[in-house]
Amino acid sequence: MSQTILEMAKELVLAQVQAQQIAPEAMKDVLHSTYETLRGLEAAEAGGGPGVGNGAPAGLEAQAPVDWKGSISKNTIRCLECGESFKQLSLRHLSTHGLDPRSYREKYNIPRSQALSARSVTARRRELAQQIRPWELAPSKTQAEPAKAAAKPAASNGAAKPAATKPVARSRVKKAAAKA
Ligand SMILES: [Zn+2]
């Protein structure tokens with residue numbers, strides 16, 4: 001469409017005035033109603049259905065909850081309440097909509113496993129968690145080792161004693177036998 005709706009409406013009305021189908025003083029009213037009609041037709045065309053005016057935005061709102069996946073991209077997460085983009089959806093921001101992460105997920109059918117942050121942020125956090133884990137394990141390992149070390153000699157002593165005493169006893173017997 002190379003013409004604007006207003007231009008189309010103007011031409012239509014002017015043609016009617018020139019054809020003397022309407023009085024020039026009625027032109028403004030006819031122009032207005034023609035413009036409104038054309039705008040309605042265009043909206044119907046764009047909406048792909050008979051839903052003119054309020055029908056189209058309502059349809060978009062109904063689709064939004066299903067399309068939560070589209071709100072999370074590599075570098076941003078878009079708030080489905082207000083459309084603002086963030087690195088992550090904070091509790092503080094959600095509270096401005098009277099929501100928290102739990103009710104937000106419920107409202108938009110977002111699974112609990114889905115982090116409310118941009119993909120890159122989620123990935124980075126996962127990375128950090130993997131880096132932190134060895135640090136968390138380290139103290140418990142060092143605590144466990146002395147316990148094992150303390151238990152080991154006791155256990156090996158117990159196991160080694162009969163084996164160790166026998167040769168000693170034998171050698172004593174041998175030594176005693178050699179002496180005698
Ligand atoms: Zn928001």
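**Loop, helices and confidence in a predicted model**

Asparagine 109 is found in the loop between helix H5 (101–107) and helix H6 (119–179). Helices (H or I, at least four residues) and strands (E, at least two) are DSSP runs, numbered from the N terminus. The model is predicted: local features need pLDDT of at least 70, side-chain atom pairs count only at pLDDT 80 or more, and totals for chains, interfaces and linings use all residues. Residues are numbered from 1 along each chain as its sequence is written.

Asparagine 109 is not a glycine, yet its phi is positive, at about 55°. The residue counts as exposed because it has 9 C-beta neighbours inside 10 Å. Of the 180 residues of the protein chain, 5% count as buried.

The protein chain holds 6 helices and 2 strands. Their order from the N terminus is α-α-α-β-β-α-α-α. Glutamine 20, with a positive phi near 60°, follows H1.

Confidence is given as pLDDT, the predictor's value for each residue, from 0 to 100. The mean pLDDT of the protein chain is 74, and 61% of its residues reach 70 or more. Confidence is highest in helix H4 (residues 91–95), at a mean of 97, and lowest in helix H3 (residues 55–63), at 47. Over residues 51–65 the pLDDT is below 50; this stretch has 13 contacts in the model beyond near neighbours in sequence. Two residues are in contact if their C-beta atoms, placed from the backbone, lie within 7 Å.

Notes: Buried ≥ 20, exposed ≤ 12 C-beta atoms within 10 Å, placed from the backbone.
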